[in-house]
Amino acid sequence: MTPARSPANRSDMLDIRPVGYVIGLLVAVLGASMVVPFMADVIEGKGALGTFGLSAMITTMTGAMVTLACADERQQGLSLQQTFLLTTGTWLLLPVFGALPFWIGAPNASYTDAFFEAMSGLTTTGATVFSGLDDMPAGTLLWRALLQWFGGVGIIVVALAFLPSLKVGGMQIFRSEGFDTFGKILPRAAEIAASVSWIYLGVTLACLLGYTWAGMSGFEALLHALTTVSTGGFSNHDASIGHYAGNVEYVAVVFMLIASLPFVRFVQLISGTAQPLLHDSQIRSYFIVIGVVVALLTLHVRFSVGEEWEVAFRQVLFNTVSIVSGTGYASTDYQLWGPFAISIFFLIGLIGGCAGSTACSVKIFRYELLFAALRSQIRRIHNPSGIFTPRYEGRPISDDIMNSVMAFFVVFLLSLGMIAIVLSLMGLPPVTAVSGAASALANIGPGLGEEIGPAGNYGGLPDGAKWVLAMAMLLGRLELMSVFVLFTAAFWRQ
């Protein structure tokens with residue numbers, strides 16, 4: 001007979017019940033939020049009213065049961081292992097339930113498509129498998145937008161409260177910003193979420209008013225405000241922002257830029273301290289990159305494509321900010337601008353916005369750290385006897401941070417290559433495979449080529465490719481290492 005496990009042996013096991021308690025709560029909240037699109041369908045009288053009712057019941061009851069089952073093990077702090085599990089588990093399980101309305105009701109998608117759309121929404125990737133958006137029920141359109149809005153505020157909290165303590169991809173450099181959460185993850189996360197959420201809501205309302213001023217209807221303005229501030233990019237039109245023109249694009253640019261800046265700076269600004277916002281080096285570098293790209297592409301579109309100056313500037317500015325921030329809106333098929341423009345858009349999509357924002361991809365601060373290390377290395381080559389320490393905003397960069405950043409770049413490139421190879425083995429053309437892998441891993445949205453480019457969508461891809469891309473979205477949104485660490489034997493040892 002197998003001997004009973006002793007209490008001492010049980011204590012060596014990783015206790016996942018505190019993680020289950022939090023995830024259960026989040027699932028229940030997600031289910032409760034389905035009441036909002038349910039009411040939208042009621043008002044419109046167009047959707048299948050049972051869709052969100054049934055989805056809400058399944059989601060809320062499941063979350064509540066998990067929470068109750070784990071309630072005796074809730075705790076104020078989480079261990080490092082539990083925090084990694086919570087971060088990945090949340091972004092993996094919420095799309096499972098967020099997909100239910102797409103699967104049960106309009107657009108009656110397969111579960112593969114429904115999960116892809118939900119994962120794309122919660123990771124704010126913005127890649128869609130759905131067409132016919134102009135005729136979709138209001139509840140479905142609102143649910144897509146809400147998923148992105150929830151994902152946007154969620155990733156800000158993760159970036160400020162979790163990743164610095166987990167030392168993922170050099171994010172620990174921001175622990176000195178007053179967001180040190182080690183050993184007190186949950187209370188600090190709740191505090192940060194409260195501070196950030198009010199700002200996030202205020203920016204969303206301002207964006208809604210801006211879109212209304214630009215000529216959108218109230219409902220359209222709401223949808224696009226939710227997906228702009230989250231830098232998600234879902235629209236209620238197949239043509240995306242290309243359905244509109246002029247002032248709508250300028251409004252979108254303003255709020256995509258705001259959303260891709262560090263939200264901690266807005267917290268400090270409201271507290272009466274504007275200096276950190278004005279002197280943040282990643283903000284400065286971010287605007288320099290955008291300025292250079294806009295200038296180059298505007299000249300290219302004006303003289304090579306033949307657009308008028310204002311049209312060239314507006315379309316270049318909008319699409320540049322949309323891609324570099326990871327929002328993924330499109331106002332025109334920029335692939336028609338030629339190979340030069342296509343190459344630029346592919347590269348800036350791998351840059352991304354600022355850390356602590358809703359923006360995605362590699363993030364601008366990592367490139368700053370990389371270039372700081374390169375400068376120091378070049379100076380050492382010129383003067384072998386000198387001592388040159390790479391610095392970030394005047395502070396020395398520790399080996400721990402630099403090694404973490406270098407590891408991130410290596411894992412990002414390896415993951416990009418492996419995902420592209422897997423997609424190629426599934427029969428996707430090289431351009432589709434490589435750009436699709438980059439778009440999913442960097443959470444950008446549109447890829448390149450006729451099928452998944454700015455004028456297409458991901459609906460025609462094989463189911464296997466959709467699952468691969470959905471997992472790539474999860475990897476990219478959680479900064480890669482926080483997911484990969486779960487697959488190491490050392491992680492599961494106490």
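Colleague: Before we start, what should I know about the numbers?
Modeller: It's a predicted model, so local features need pLDDT of at least 70 and side-chain atom pairs count only at pLDDT 80 or more, while totals for chains, interfaces and linings use all residues. Residues are numbered from 1 along each chain as its sequence is written, and side-chain values use heavy atoms, with hydrogens and water left out.

Colleague: Okay, how many salt bridges does the structure hold?
Modeller: Eight. A salt bridge here is a side-chain nitrogen of Lys or Arg within 4 Å of a carboxyl oxygen of Asp or Glu.

Colleague: And why would side chains pair like that?
Modeller: Side chains of opposite charge can pair when their charged atoms come close.

Colleague: Show me one. What does R144 form a salt bridge with?
Modeller: With E117, and the closest N and O atoms are 2.9 Å apart. R144 is in helix 8 (residues 138-166) and E117 is in helix 7 (residues 111-122), so the pair ties together parts 27 residues apart in sequence. Helices (H or I, at least four residues) and strands (E, at least two) are DSSP runs, numbered from the N terminus.

Colleague: Is R144 buried or exposed?
Modeller: R144 counts as buried at 2% relative accessibility, and E117 is buried too, at 0%. Buried means under 20% relative accessible area, exposed means over 50%, and partly exposed is in between (1.4 Å probe, protein chains only).

Colleague: Got it. Which residue does E249 meet in a salt bridge?
Modeller: R314, at 2.5 Å from N to O. E249 sits in helix 11 (residues 247-259) and R314 in helix 15 (residues 309-324), so this pair links parts 65 residues apart in sequence. E249 is buried at 1%, and R314 is buried at 11%.

Colleague: What about E310, where does that one lie?
Modeller: E310 lies in helix 15 along with R314, four residues away, about one turn of the helix. Those two form a salt bridge as well, with N and O 3.0 Å apart at the closest. E310 is partly exposed, at 39%. Salt bridges with shared partners join E249, E310 and R314 into one network.

Colleague: New topic: what's up with the phi of S240?
Modeller: Phi of S240 is near 55°, a positive value in a residue other than glycine. S240 is in the loop between helix 10 (218-229) and helix 11, and S240 is buried at 10%.

Colleague: And where does E393 lie?
Modeller: In the loop between strand 1 (391-392) and strand 2 (395-396). Phi of E393 is also positive, near 55°, and E393 is partly exposed at 35%.
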